[in-house]
Amino acid sequence: MKKNNKNNEDTNDKKFENNSVRKNFYEDEMGNFSIMIASLILIGFLLLSIILLNTAISHEKENEEIISSDNYQYILDDYIRNIPLIEDETLEELSEEVIKNKRPCLDSKSDLKEIIDEKLMVKNQEYYDNYNIQINSSLISIENTSNPFSYKFKTYVYSVKGDYSFERIISSDVDCINLKDPVPLLYLKSYSSLSYNDSSYNYGTSLSEFLRDNGVENYSFYTNANSPLVIRKCPYDPYKHHGDDNGKIMKNCRDNGYYHESRDGACYLCRLEGKSGCEHYGFETFINPQKTNETGRVSACGSDHVIFSDDIYPGVEVIYNSENGLNEILYLDPHGHKVKYGMSDY
Ligand SMILES: [Zn+2]
Ligand SMILES: [Zn+2]
């Protein structure tokens, strides 16, 4: 009996154990389920947060990109505005250097390229330091144009910043108006009495000695002659009007020291190389002899590309103004320059 009882007790215990195991199992299952739900909610929440955050970030980035794209273009536009200024400035500096040293350029275009590329490098570094924008640029060509007073400078510009890039060839018109003409100085540097002021060359005896050395007979007619120093374009175009108004137009032209387009005269960059004539479409001016009371004389034709050349040909006296018994004259070849400037009747 006891044994049975005990057995019963055992059985009861087991039943009880079974119940408690089931209960634990049930509780565990419920717990796991809750954790799973909670985790899912948490993951969902995290995913949602990530999506929201990403949207916000990309939205902000878009705004940022619009701003920096505008800025980028603005900064590059500003950079490009500097290029013609640098090129103008460089041509002037080179011409001043030729005048100062009385030494011609060996190759004015390559000298200009060297100086301009150096200045662009400095400018590029400045833009990198100030705006963190990398710019590469260099002068790729200098072209003569149909206007002999103006050149076309072409500059290659390349830049990249992040997603943005810029590549273009910038064309600038660079002219030589108001720059100094080095030709008389380069031809006469070994003659002592050449001088110049702000606007003109005064030859003293330098030009007559030079003409004597080049076999010109009436070389002394160019003693104390003068000619312009600074390049200014003659407004009396067509040029045959120089003979209008009893020579007053020609007088005004010579008083102002104007230059004229000419196939035979050198362009400005060739003048910097010490040439008075070149293969490009160029320009010419006149050497004004000293006023005289004599008439009917003949000397070297006074166009600068004739005077400063290996082939000096003669010109006849052309009186365009007379005051107090003194004539203002030019020596011009009868069939060339006299005709071109409308002075055939003088
Ligand atoms: Zn003129
Ligand atoms: Zn030339």
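**Questions on a predicted protein chain**

The secondary structure of the protein chain in this predicted model comes to eight helices and eleven strands.

Reader: What percentage of the residues of the protein chain count as buried?
Author: The protein chain has 346 residues. The share of them that counts as buried is 31%.

Reader: In what order do strands β1, β2 and β3 stand in their open sheet?
Author: The pairing in this sheet is antiparallel. Its edge strands are β1 (134-144) and β3 (164-175), each of which pairs on one side only. Neighbouring strands are turned by 15 degrees against each other on average, direction ignored. The order is β1-β2-β3.

Reader: Which residue of β6 is the bridge partner of Tyr201?
Author: Strand β5 (residues 200-202) and β6 run antiparallel and are joined by three bridges. In β6, the partner of Tyr201 is Ser227.

Reader: Within what arc do the buried residues of α5 fall, seen down its axis?
Author: In helix α5 (residues 248-256), the buried residues are Ile249, Met250, Cys253 and Arg254. They line one face of the helix, because the arc within which they fall is one of 130 degrees.

Reader: Which strand is included in what covers the buried residues of α5?
Author: Lys248 and Asp255 are exposed, on the other side of α5. Just after the helix, Gly257 takes a positive phi of about 65 degrees. What covers the buried residues includes β10 (314-323).

Reader: Which residue in the turn between β10 and β11 has a positive phi?
Author: The strands β10 and β11 run antiparallel, joined by seven bridges. Glu323 stands opposite Leu326 in β11. The two strands form a hairpin with two residues between them, and the turn residue with a positive phi, of about 50 degrees, is Asn324.

Reader: How many residues of strand β11 are buried?
Author: Strand β11 (residues 326-332) has seven residues. The strand is largely enclosed by the rest of the structure, because its buried residues number five.

Reader: How many residues has the largest nonpolar core?
Author: The residues with the most contacts inside this core are Leu207, Leu211, Tyr222, Ala300 and Leu330. Elements that give two or more residues to the core include α3 (183-188), α4 (206-213), α5, β10 and β11. A second, separate core of 23 residues includes Ile86, Leu112, Tyr151 and Leu179. The residues of the largest core number 34.

Reader: Which residues does Leu207 touch, not counting residues up to four places away in sequence?
Author: Leu207 is one of the residues with the most contacts inside the largest nonpolar core. With residues up to four places away in sequence left aside, Leu207 touches Leu188, Tyr222, Ala225 and Ile287.

Reader: What separation is found between the C-alpha atoms of Glu97 and Leu272?
Author: Glu97 is found in helix α1 (residues 2-101). Glu97 counts as partly exposed because it has 15 C-beta neighbours inside 10 Å. Glu97 and Leu272 are 175 residues apart along the chain, and their C-alpha atoms are separated by 9.8 Å.

Definitions and conventions
Residues numbered from 1 in each chain as written. Chains lettered and ligands numbered in written order. Predicted model: local features only at pLDDT ≥ 70, side-chain atom pairs only at ≥ 80, totals over all residues. Pairing = 2+ DSSP bridges. Helix = DSSP H or I, 4+ residues; strand = E, 2+ residues; numbered from the N terminus. Buried ≥ 20, exposed ≤ 12 C-beta atoms within 10 Å, placed from the backbone. Arc of directions from axis to C-beta. Contact = placed C-beta atoms within 7 Å. Core = buried A, V, L, I, M, F, W, Y, C linked by C-beta atoms within 7 Å. Axes fitted to C-alpha atoms, helices over the stretch in contact; angles between N-to-C directions.
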